[in-house]
Amino acid sequence: MNDQYPEELSAPEAAALLGVKLPTLYAYVSRGLLRSLPAGAGRARRYLRADLEALRERGPSLRAAAGALRWGEPILESSITAMTLEGPAYRGHLAATLAADGVGFEATAELLWSGALPETAPRWENPAAPEIDAVVPLLPSEGPHTSVFPVLVAARAAGDAGRFDTTREGVLPRARGLVRLLAAGLALPRAPARARRAARAPRIAEVVARAFALETRPETLSAIDAMLILLADHELNASTFAARIAASTHADVYAVVQAGLATLSGPLHGATSDRFEALIAEVGTPEQAERVVQERARRGERIPGFGHPFYGRSGDARARALLEIAWSLGPPTPELAVANALIGALERAGKPPPNVDSAAVALRAALGMPRGAVAGLFAVARTVGWVAHALEQIATGHLLRPRARYTGPTPPGGATA
């Protein structure tokens, strides 16, 4: 045993003993690999040296390889997004600060793609979007955005003979156009004429506002910008990892985005906002929030939209930023009033704080967007992150091909390689 450390360690001491960064230490706790103990008042936690020594003795193969794909050690080197307790930091800039400073979604996208924050607001080209009319006959009269977007992307790809250019110069113009197309596609399948008009707006926040038939007031556009910025990237989440795998094969940018969209469509990744909206509908009025929360607790059911495996009790900084904007927009809409009541009820019950999914729904309600909009906005924003990771992955020249640890019957010939 190393006598350099006491029996109970602070988080920095524990991380130093294990030789990892603080976010990795917190990930060990969230995955159940390590206990943390309360240390009196405040949020500080203590860690038993015996637990830390036992974890260290189990070896890097357990901590990194066995757990890498489940909230474990980062498995790829990346200079795009750092995960901090103050939320994601894009190329050294906290996303919450970028949103608060009003730098704009387009400038944030260019930062993620290039590493440099533009000094002036970028003006993206505004090409025609014939795909909007082309796909309308293929769409059902009602449907979520996650089902509309893959059709739009496929239509754009089919008409782009030069899409296989995976250089930065080839990818970025297509990425800018694709973000605009998806933002306009938020009006589909219900209002194709509105989608066509939205696609011609000068900035993406205005494209979104027009797609949802919102007034393009400065406070509305600023709120949309902030939501898109805060949703743009979150390190190696499931859809981003899928996008990087596609990019590692040198697939074109449309295929990369399709990989992200396909993964995002799974209910364990992209549907939390929808579940929180369903909860708001179930609650109905603010007065019922306490009862519904207590009933859920009695049945042992988890409340969607609260808590996050990375941020833990410290809370999701992206959620705090979005909620502050929602509350600043004036008297609460009925849905926002219910969301506020749920947040208060869960806080009184000692439950984890809201995460970005429930906060985005709260801001969506404050803006007067329709139900289901958050999942679509998430995809529009995260397209920027997927493209950033695709460019980084292509630059490495490596094909992503993890190994599996075989646990089945012994194969002919004995041990596996």
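**Salt bridges in the predicted model**

A network of salt bridges links Glu-282, Glu-295, Arg-296, Arg-298, Arg-299 and Glu-301. The model is a predicted one, and the structure holds 22 salt bridges. Side chains of opposite charge can pair when their charged atoms come close.

Glu-301, by contrast, is partly exposed, with a relative accessible area of 36%.

A salt bridge is also found between the side chains of Arg-174 and Asp-160, at 2.6 Å from N to O. Arg-174 belongs to helix H9, whereas Asp-160 is in the loop between H8 and H9, so the pair ties together parts that are 14 residues apart in sequence. Arg-174 and Asp-160 are both buried.

A further salt bridge joins the side chains of Arg-190 and Glu-142, with 3.0 Å between N and O. This pair links distant parts of the chain, the two residues being 48 residues apart. Arg-190 is located in the loop between helix H9 (168-184) and helix H10 (192-199), and Glu-142 in the loop between helix H7 (131-135) and helix H8 (145-158). The relative accessible area of Arg-190 is 48%, so this residue is partly exposed. For Glu-142 the relative accessible area is 52%, and Glu-142 is therefore exposed, as the class begins at values over 50%.

Conventions:
Residues are numbered from 1 along each chain as its sequence is written. This is a predicted model: local features need pLDDT of at least 70, side-chain atom pairs count only at pLDDT 80 or more; totals for chains, interfaces and linings use all residues. Side-chain values use heavy atoms; hydrogens and water are left out. A salt bridge is a side-chain nitrogen of Lys or Arg within 4 Å of a carboxyl oxygen of Asp or Glu. Helices (H or I, at least four residues) and strands (E, at least two) are DSSP runs, numbered from the N terminus. Buried means under 20% relative accessible area, exposed over 50%, partly exposed in between (1.4 Å probe, protein chains only).
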